[in-house]
2 protein chains.
Amino acid sequence: MARKAAIIGGGVIGGGWAARFLLSGWDVAVFDPDPEAPRKIGEVLANARAALPALADVPMPAEGHLTFAETLTDAVQGADYIQESVSERLDLKHRVFAQIQQAAPDALLGSSTSGFKPSELQENSANPAVIFVAHPFNPVYLLPLAEIVPSPKNDPQRIEEAKEILREIGMFPLHIRKEIDAHIADRFLEAVWREALWLVKDGVATTEEIDEAIRMGFGLRWGQMGLFETYRVAGGEAGMKHFMAQFGPCLSWPWTKLMDVPEFTDELVDLIAGQSDAQSGHHTIRELERIRDRNLIGFLRVLKDSNWGAGKVLLEHDARRRVTAPDPTPDSAAPLVLAHMQVLPGWIDYNGHMTESRYLFASSETCDAFLRHIGAGMDYVAGGFSYYTAESHIMHAGEAKLGDRLTGSVQVLAADDKRLHLFIRIERGETLVASIEQMLLHVDMAAGNPARPGPRFWRVCVP
Amino acid sequence: MARKAAIIGGGVIGGGWAARFLLSGWDVAVFDPDPEAPRKIGEVLANARAALPALADVPMPAEGHLTFAETLTDAVQGADYIQESVSERLDLKHRVFAQIQQAAPDALLGSSTSGFKPSELQENSANPAVIFVAHPFNPVYLLPLAEIVPSPKNDPQRIEEAKEILREIGMFPLHIRKEIDAHIADRFLEAVWREALWLVKDGVATTEEIDEAIRMGFGLRWGQMGLFETYRVAGGEAGMKHFMAQFGPCLSWPWTKLMDVPEFTDELVDLIAGQSDAQSGHHTIRELERIRDRNLIGFLRVLKDSNWGAGKVLLEHDARRRVTAPDPTPDSAAPLVLAHMQVLPGWIDYNGHMTESRYLFASSETCDAFLRHIGAGMDYVAGGFSYYTAESHIMHAGEAKLGDRLTGSVQVLAADDKRLHLFIRIERGETLVASIEQMLLHVDMAAGNPARPGPRFWRVCVP
């Protein structure tokens with residue numbers, strides 16, 4: 001049976017949490033007295049459905065069941081995990097927690113608060129041991145970070161349990177060792193926000209110029225390395241100490257003087273809102289969301305290709321979910337199903353179909369899986385031998401579209417001491433999408449010539 | 001004749017500038033009294049050669065000629081552009097500028113300073129009108145941002161000239177309207193750095209935890225939208241004013257109190273250097289540079305695919321450099337050379353060769369160019385008709401490797417009222433790498449059936 005998450009507060013953040021749980025196969029009960037909540041959640045969920053699967057290379061689990069509860073008590077009843085994302089008012093959060101813990105006193109209860117410390121959240125609660133900060137980042141369905149902040153009153157084992165649940169839904173729980181106001185990330189965001197307000201107020205730069213100053217430069221760096229690793233590289237071979245010796249003194253330069261908080265007047269709000277309209281007003285918020293998500297998917301897939309940072313989280317998440325293919329029967333002449341793929345946004349051409357070269361890509365993935373299966377994978381290539389494709393004949397039998405789940409199967413038509421003659425089918429369910437007939441040559445890579453493979457291949461290759 | 005850039009100061013930043021100019025076809029003279037400068041520049045240049053071409057979709061110009069000048073005067077003689085990247089000491093910069101302007105008083109003279117205002121740089125100079133801030137971001141050969149800061153003493157026309165040169169070498173010159181200490185971006189970096197030092201000093205987080213808090217969350221956002229556009233989206237349909245009303249008050253919360261500068265003691269330096277070693281010490285700086293560059297290339301190509309932010313800069317840069325193919329002679333049966341490509345890092349497989357599906361990709365690019373040529377491009381597809389590939393036969397005749405320049409040519413073998421039978425050659429110079437024989441069907445996309453094309457195709461299609 002699917003597990004149940006209760007989402008209390010159905011705005012952009014609550015909606016993102018709901019989407020992550022649903023798309024990870026959890027049932028979700030949302031409670032939000034706002035009559036608009038189902039529409040809002042629906043919009044976030046539509047975005048998430050178009051985005052999150054594009055990060056996976058293993059099939060997604062069946063989506064969980066979404067309900068909107070009439071009462072907070074209904075929502076949390078039987079929940080394995082509760083996430084609170086109501087407005088940033090401590091008194092409101094306290095009232096919500098009291099109600100939750102009347103119905104579900106022992107359930108894990110994470111708060112999306114960006115500012116409050118867990119010890120503040122726990123004040124006067126029935127069971128402080130299960131209340132903690134789980135602070136996510138918008139869009140919650142794509143960005144892996146969740147800052148997990150416990151207080152000394154928390155049960156460490158329950159916190160580990162919560163972190164494990166977050167990993168299960170593809171997140172990166174960052175355990176913050178000391179509770180402070182605003183945790184870690186929002187302290188940086190706050191520092192930059194404060195500085196940015198000064199720059200706009202003083203007429204040094206517009207909102208657009210400030211955004212360009214970020215995304216054309218250090219923003220790109222910070223998406224893959226953070227602050228310290230970036231500076232470590234900048235310091236060069238001389239190392240981090242050298243970097244600090246060089247740049248540390250800047251801290252006492254006059255440009256650290258503007259650390260007061262600018263007064264938050266109506267004029268400043270109007271100035272910023274006006275500049276933001278001029279900068280981005282030609283896109284609707286929905287358009288900007290789609291653009292943002294497409295870019296984030298791209299970045300995350302780049303990081304996944306390099307097994308780095310957030311991409312490492314995605315690979316590990318795939319690994320924990322990977323469906324092990326049934327062990328193929330090597331002595332049968334029936335096609336071996338060796339690859340499972342999903343058509344991703346980057347695979348689509350201007351016709352709206354899978355782009356031509358991706359059919360061969362799907363075939364290559366299948367062929368690579370076959371070569372691994374017969375013992376000619378990466379280790380074998382490292383030894384100086386490999387199979388090279390000499391000839392491919394592609395017949396297009398259908399069209400694959402965004403989100404289609406494809407399987408790749410291999411049938412060995414013939415094999416001799418140098419050649420491997422394969423027939424690869426790319427199918428959507430029972431429907432053939434394309435067939436690829438290939439002739440591969442076994443090659444001594446150093447010599448650059450075809451060469452006889454070792455006897456171990458013969459077991460599976462000869463039909 | 002190639003134009004000449006003089007690079008004064010040959011560290012990581014100067015090397016990055018040198019690489020950008022060289023790879024854009026400029027001759028470069030470097031002056032740096034450090035005997036290690038040629039080695040250091042050589043290392044940056046090697047990184048740049050492996051990275052910058054991966055962003056281009058038009059052939060790169062021939063690399064310029066690199067020289068190391070014996071004297072500063074030799075370096076700047078006849079230079080069309082001079083970039084200073086010496087240490088951040090105002091007296092040193094003043095001495096260097098005086099020497100430069102003795103030999104080249106009218107040459108554009110950009111400074112890589114991250115902190116000084118242009119009016120400070122211009123003090124007591126022979127010709128202040130040509131001295132300005134051109135502040136780049138590491139790695140200079142990949143990140144497009146250059147903050148261009150003039151003072152009232154600058155000649156606005158010369159500043160426009162400088163911005164045009166920077167665009168020519170693929171950068172995004174951000175014109176800063178008011179000079180302030182540290183310009184724009186480094187004020188943010190400084191604010192975050194200050195906050196990060198406090199967090200480490202107070203034992204709230206390690207350098208690694210801080211980096212994760214950035215790159216797993218808001219760092220990904222900032223690589224494609226900046227601060228204000230990100231928040232605009234977060235504010236949802238209610239808009240920027242709503243967002244500010246919701247989050248503005250946070251500025252007066254207690255967590256803005258830590259705005260003092262932490263004392264920069266040896267203990268703090270040791271603490272940070274030690275944590276950084278624990279976090280990243282298992283990679284050499286060279287490895288980290290390669291990882292960083294590969295990730296940045298990936299991000300930038302994602303943005304290029306979506307014509308967004310830094311990717312828009314890349315597309316515009318391609319457009320200004322695109323070599324217009326010679327007008328093909330449509331009544332000849334000789335192959336039409338229609339596509340020029342370069343093998344990019346992402347096209348390489350574990351064998352070190354161009355991956356199988358990329359041969360078909362090169363063929364598709366060529367075929368698309370052919371379809372555009374006969375009037376069946378994007379506009380035509382928008383009208384509901386398109387050519388779909390029914391069958392492809394690929395013969396591999398050679399191997400393409402990283403950086404190879406390939407051409408794609410098309411020969412029409414046959415064409416009738418629904419079919420187009422093409423023979424595509426992918427060649428490296430005179431050498432055939434692969435041939436692809438294809439049968440395309442003209443399709444009414446709404447009906448999903450083959451359909452007769454309009455008469456306008458026949459001029460070129462019939463051999």
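Strand β10 (residues 385–396) of chain A pairs with strand β10 (residues 385–396) of chain B. The pairing is antiparallel and runs over five bridges. Two strands pair if DSSP finds at least two bridges between them. Strands are DSSP runs of E of at least two residues, and helices are runs of H or I of at least four, numbered from the N terminus. Within this pairing, A:His393 has B:His393 in β10(B) as its bridge partner.

This is a predicted model: local features need pLDDT of at least 70, side-chain atom pairs count only at pLDDT 80 or more, and totals for chains, interfaces and linings use all residues. Residues are numbered from 1 along each chain as its sequence is written, chains are lettered from A and ligands numbered from 1 in the order in which they are written, and side-chain values use heavy atoms, leaving out hydrogens and water.

**Between the chains**

- Chain B and chain A each give 136 residues to the contact (heavy atoms within 4.5 Å).
- About 13,900 Å² is buried between chain B and chain A, with 68% from carbon and sulfur atoms. Buried area is the accessible area (1.4 Å probe) that two parts lose on being put together, summed over both.
- Six salt bridges cross this interface (a side-chain nitrogen of Lys or Arg within 4 Å of a carboxyl oxygen of Asp or Glu).
- One salt bridge joins B:Glu209 and A:Arg177, whose closest N and O atoms are 2.5 Å apart.
- The side of chain B that touches chain A has 73 nonpolar, 33 polar and 30 charged residues. Ala, Val, Leu, Ile, Met, Phe, Trp, Tyr, Cys and Pro count as nonpolar, Asp, Glu, Lys and Arg as charged, and the others, Gly among them, as polar.

**Domains of chain A**

- Chain A is assigned domain 1 (4–175), domain 2 (185–282) and domain 3 (336–461). The bounds come from an automatic or database domain assignment.
- The centres of domain 1 and domain 3 of chain A, taken over C-alpha atoms, are 43 Å apart.
- Six residues of domain 1 of chain A and five residues of domain 3 of chain A make up their contact.
- These two domains of chain A, domain 1 and domain 3, bury about 420 Å² between them.

**Backbone points**

- Most residues other than glycine have a negative phi, and most peptide bonds are trans.
- The peptide bond from A:Asn138 to A:Pro139 is cis, with omega near -5°.
- A:Pro139 lies in the loop between β6 (131–136) and β7 (145–149) of chain A.
- A:Ala182 has a positive phi, near 70°.
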